[in-house]
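Please describe the structure shown here.

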Amino acid sequence: MLSLFKDSPEYEARKARPFSPTKVTISEVHAVVPKHLFQKSFFTASLYIARDILSAVALYKLGWQIEPLAASLVNDYGAPAYVGTIAKWGGWSIYWVCQSVVLAGWWCMAHEAGHGNVSNKKWLNNLTGYLLHTFVLAPYFAWRSTHHSHHKATVSIERDENYVPRTRSDFKLPAESVARAVDYHELFEETPIYTVARMLLMQLLGWQIYLCMDTMGSPRHPKGTNHFSPSSSLFKPHERNGIIASNIGLTVMCCILYMWTQTVGLPAFLKLYFVPYILLNHWIVMLTYLHHSDPTIPMYRNRQWSYLRGALSTVDRPLLGWAGRVYFHNVSHDHIAHHLFSNIAWYNQPYVTEELKKLLGEEYNSDSTNTFRALYRTFTQCCFVEDEGDIVFYKNKDGKAARELAPDALDRPTVVAKKVD
């Protein structure tokens, strides 16, 4: 039980090891991946999609039985009223968690479709992703666009699109040479209750806030940037019809939900759809946040960034164990492989990961820390980065980085390599 509150051995070993960019080349990475893993099968993808849909429908049907069964315990079997109440809300709690995980699987499958991994036909990928994302109120074409930009510039401080770190000057902190502990503590020191409240806000509404306000997006974007305006600076002119299509889909879905709510009632809508929807966004925010935000993972400025270095600057995490592997379609378990080869389908990514482990050795980043512990660690320790430095790490509320650069870290030139896609 105590291990739930401890950092994993992998994390501790990585933190203790001075960082230097990899000596592995992109050609070596390509060479270890068997060519047959690039093959895609719409039939195989369809089986996964069918499983996810059937899982959601089965849970939905069971959800309608929660309150009748709880009432039956009291009315037909003579159980005390409090037993019925416990059974009712216990049943809803189980439903909310399970359904949110399953619907997060829909979200992750749409993500795979956005990378072209459902089919070899572009229109079939887009149709699949559009339908699945629209059902969970995600703007498919808009998010696909910014997500592809993220893949092209992962952990580049100047060009990445998501969870871009804020700097010392952004927080108006004194220069490192004159800053005192109190300067950091005044800004970052919080009561545990306030910290938990901010975490809950991020986990429950962070996805919507990001879409509407580009919070934690790139500072280079102008104020008012969002994922719904076709003229947003996030998108290229040729993408604007897709943004309009995403907005139309969301509007239609909201109308469907409104009409369904008129039929079943507001309480049923909240319990059967809205709460799982909020919780699925929690899972998505958690996994995307932890993919690239970690005290031990470097971030690069342009002089030291390369596609390979960016792709390796993520962490594989066993989020939710087998359930996360099954319903999140390996996106957290095999995220390094996904960044290196986003055009390999999720069902082949575990094989890629095994080959990468052999090639990368200790440079392969994994972390078996309990994911909720890792979330709290990242949220409280990843405060800011320095304005200067071509390879930087997050610093904490004491102004200290968890990891140091090796003496030769900046001596290794980058090798420009074309993204595999």
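## Helix 9 against helix 16

Helix 9 (residues 192-213) and helix 16 pack with their axes 11 Å apart, at an angle of about 110°. Axes are lines fitted to C-alpha atoms, for helices over the stretch in contact, and angles run from 0 to 180 degrees between N-to-C directions. Helix 9 and helix 16 are therefore roughly perpendicular to each other. Angles of 65 to 115 degrees count as roughly perpendicular, under 35 as roughly parallel, over 145 as roughly antiparallel and the rest as oblique. Helices (H or I, at least four residues) are DSSP runs, numbered from the N terminus.

Which residues of helix 9 and helix 16 make the contact? Helix 9 supplies Thr195, Arg198, Met199, Met202 and Gln203. Helix 16 supplies Leu375, Tyr376, Phe379 and Thr380. Contact means heavy atoms within 4.5 Å. The residues of this contact of helix 9 with helix 16 divide into five nonpolar, three polar and one charged. Here Ala, Val, Leu, Ile, Met, Phe, Trp, Tyr, Cys and Pro count as nonpolar, Asp, Glu, Lys and Arg as charged, and the others, Gly among them, as polar.

## About the model

This is a predicted model: local features need pLDDT of at least 70, side-chain atom pairs count only at pLDDT 80 or more, and totals for chains, interfaces and linings use all residues. Residues are numbered from 1 along each chain as its sequence is written, and side-chain values use heavy atoms, with hydrogens and water left out.

## More on helix 16

In helix 16, Thr371, Ala374, Leu375, Arg377, Thr378 and Phe379 are buried. Buried means under 20% relative accessible area, exposed over 50%, partly exposed in between (1.4 Å probe, protein chains only). The buried residues of helix 16 pack against helix 1 (9-16), helix 9 and helix 11 (266-292).

Asn370 caps the N-terminal end of helix 16. A side-chain oxygen of Asn370 lies 3.0 Å from the backbone nitrogen of Phe372. Gln381 also belongs to helix 16 (residues 371-381). Gln381 counts as partly exposed, at 26% relative accessibility. Leaving aside residues up to four places away in sequence, Gln381 touches Tyr11, Pro295, Lys395 and Asn396. Gln381 and Phe171 are 210 residues apart in sequence, and 15 Å apart in space, C-alpha to C-alpha.

## Helix 4 against helix 5

Helix 4 (residues 66-75) and helix 5 (residues 81-114) pack at an angle of about 160°, with axes 8 Å apart. Helix 4 and helix 5 are therefore roughly antiparallel to each other. From helix 4, the contact uses Ile66, Glu67, Ala70, Leu73 and Val74. From helix 5, the contact uses Ala81, Gly84, Ala87, Lys88, Gly91, Trp92 and Tyr95. The residues of this contact of helix 4 with helix 5 divide into eight nonpolar, two polar and two charged.

## Two buried residues

Is Thr314 buried or exposed? Thr314 is buried, with a relative accessible area of 0%. Thr314 sits in the loop between helix 12 (307-312) and helix 13 (321-327). A polar atom of the Thr314 side chain lies 2.5 Å from the backbone oxygen of His291. Beyond residues up to four places away in sequence, Thr314 touches His291, His292, Ile297, His335, Ile336 and Asn365.

Asp183 lies in helix 8 (residues 181-188). Asp183 counts as buried, at 15% relative accessibility. A polar atom of the Asp183 side chain lies 2.8 Å from the backbone nitrogen of Arg180. Not counting residues up to four places away in sequence, Asp183 touches Leu173, Pro174 and Val178.

Technical notes
A polar contact is a pair of N or O atoms within 3.5 Å; within protein, one must be able to donate a hydrogen and the other to accept it, and residues adjacent in sequence count only if both atoms are side-chain atoms.
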